[in-house]
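I opened a new model today. I wanted to see how its parts sit together and what surrounds its ligand.

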Amino acid sequence: MTCVESFDLLATTVLLLNQSGEVVEANAAAEAMFGRSRRHLIGQPAAFLFDRDTALEQSIRQACSGEVDDCRQFAMTRRGAEAVEVAVTSISLTQQPWSALIEIKDIEQRVLVDRSIRMVDEIETQHELLRNLAHEVKNPLGGLRGAAQLLESELPDPALQEYTRVIISEADRLQALVDRLAAPQRMPVQWQSVNIHEVCERVCALVRAEFREVAILRDYDASMPEFRADPARLMQALLNIVRNAAQIMTGSDPTRSPHITIKTRVARQVLLRHKQHRMAVVVTVIDNGPGVPISLQDRIFHPLVTGREGGTGLGLSLAQDFIQQHGGVIEFDSQPGHTEFRLLLPLEPL
Ligand SMILES: Nc1ncnc2c1ncn2[C@@H]1O[C@H](COP(=O)(O)OP(=O)(O)OP(=O)(O)O)[C@@H](O)[C@H]1O
Ligand SMILES: [Mg+2]
């Protein structure tokens, strides 16, 4: 089967463009998407298939000339008389007979974005509730622990200390949980100039030290500029994601050599939480582990949701919180053998 024939098997619409931005190949999904036959699509400037949109025209041009690697944005197109909103990704191709590839996804993508916004609001409410609860639990917990210590020193029989030890260690465990729940609220965001690759390198070093059997590969975008962010929060968010991947892969399938890739890219014209940004930082963490269990997929960003023995289920919810404080969002796609978590952050000029 040729490469072009295999495009026909894809459910997503794919157009292949020449250097002038004209369609040279279109797959079967493209015929359905635009309601036109392949013969009518080939030779058309790709930008003409959408409602006039200068940002889109620019990114198609830039992808064809190789100025940008990839760019994702929303656009409007027409299927007969029907106006359809689509998500368009223009990808520059190198060492291929075509200059660029355009991938178009139907409105579903938008629904996903809306859903993630709704989820973000929902999680924010839950977090608020948990933080208040954490606050309420903190003082009595301190009292309990103090009283257990006093009791321990007064106990006539040292064998009874076994019980006070349990009270104290369980109080400490709860205290740690309560501290993690309250954490994001405590410190103000420390905005400064951040080099994302330094953050990635620190996370790599930490995870390598902890999980020796997991290979960590890096695929960095050398053109990534520094941007304004809170480096401690970014690092914690990324660390939580990379640690999850490493944890899930250790001991899961001994025939598969576990590896994690950390990829950075600059994306252009990205819609993040209702706001269109000229540029965004995308940090993608890819693992070849078993994937997020289907039963958890709708809920993993919610606090206290865990699929791991001994997990508190706070890692991803904190990570999502931290990235949201930057106006960004964390998304994921997962199937057995390939799980991707993407941190999307607005790239604010310094
Ligand atoms: N890369 C991944 N592959 C498969 N499952 C994952 C991955 N990342 C997260 N998960 C699932 O999502 C769940 C929630 O993750 P989260 O980090 O929020 O909590 P946790 O790791 O269980 O506990 P904590 O991070 O608080 O110690 C995990 O328990 C795991 O089941
Ligand atoms: Mg975790």
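Entry 1, terms. I count Ala, Val, Leu, Ile, Met, Phe, Trp, Tyr, Cys and Pro as nonpolar, Asp, Glu, Lys and Arg as charged, and the others, Gly among them, as polar. The model is predicted, and local features need pLDDT of at least 70, side-chain atom pairs count only at pLDDT 80 or more, while totals for chains, interfaces and linings use all residues. Residues are numbered from 1 along each chain as its sequence is written, and chains are lettered from A and ligands numbered from 1 in the order in which they are written.

Entry 2, the ligand. I looked up the shell around ligand 1 by class and found eight nonpolar, twelve polar and two charged residues. A residue is near if its C-beta atom, placed from the backbone, lies within 6 Å of the molecule. Of the 22 residues there, Thr306, Gly307, Gly311, Gly315 and Leu316 come nearest. Helix H8 (231-249) and helix H9 (315-324) are the elements that each give two or more residues. H8 has the largest share, four residues. Helices (H or I, at least four residues) and strands (E, at least two) are DSSP runs, numbered from the N terminus.

An automatic or database assignment sets the bounds: domain 1 is 3-106, domain 2 is 115-186 and domain 3 is 192-346. I read 29 Å between the C-alpha centres of domain 1 and domain 3.

Nine residues of domain 1 contact six of domain 3, with C-beta atoms, placed from the backbone, within 7 Å. On the domain 1 side, helix H4 (54-65) and strand E3 (70-79) give two or more residues. E3 gives the most, five. That side has four nonpolar, two polar and three charged residues.

Technical notes
Contact = placed C-beta atoms within 7 Å.
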